[in-house]
Amino acid sequence: MKDRVKSIISEILNIPVDVIDDNSDIIEKYGADSLDAADLVLEFEKVFEVTVPDEEAVELRTVSKIVNYIQDNK
């Protein structure tokens, strides 16, 4: 699952997958803006068949947090 999350981030932010660190903030380190973040959440919801409420989506800023959220809510 972690590899798929990284792949999605790579595709949407147009960055190499091998530079994505599990604990780096995707907004601060990789320059994602609010539209990118929304696109990421929508893709995670579609791919992993989860629903992410807006108030929880703002907290999903690292690969580790995203993976944990998906595992806990699938």
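I looked up which helices line the largest pocket, and found that α2 (34-48) and α3 (54-57) each supply at least two residues of its lining, where helices are DSSP runs of H or I with at least four residues, numbered from the N terminus. The model is predicted, so local features need pLDDT of at least 70 and side-chain atom pairs count only at pLDDT 80 or more, while totals for chains, interfaces and linings use all residues. Residues are numbered from 1 along each chain as its sequence is written, and side-chain values use heavy atoms, without hydrogens and water.

I noted a volume of about 270 Å³ for the largest pocket; a pocket is an open set of points on a 1 Å grid where a 1.4 Å probe fits, with protein on both sides within 12 Å along at least five of seven lines, and lining residues have an atom within 4 Å of a point. Of the 18 lining residues, A37, A38, V41, A57 and V58 are the closest to the centre. Helix α2 gives the most to this lining, with 8 residues. I sorted the lining into 13 nonpolar, 1 polar and 4 charged residues, with Asp, Glu, Lys and Arg as the charged class.

I then turned to the rings and found 1 aromatic pair. F44 and F48 are separated by about one helical turn because they are 4 residues apart in α2. F44 counts as buried at 5% relative accessibility, and F48 counts as buried at 6%, buried being under 20% relative accessible area with a 1.4 Å probe and protein chains only.

Key
Grid points are joined across faces, edges and corners, and a volume is the space filled by probe spheres set on the points. Rings of Phe, Tyr and Trp (its six-membered ring) pair if their centres lie within 6.5 Å; planes under 30 degrees apart count as stacked, over 60 as edge-to-face and the rest as tilted. Buried means under 20% relative accessible area, exposed over 50%, partly exposed in between (1.4 Å probe, protein chains only).
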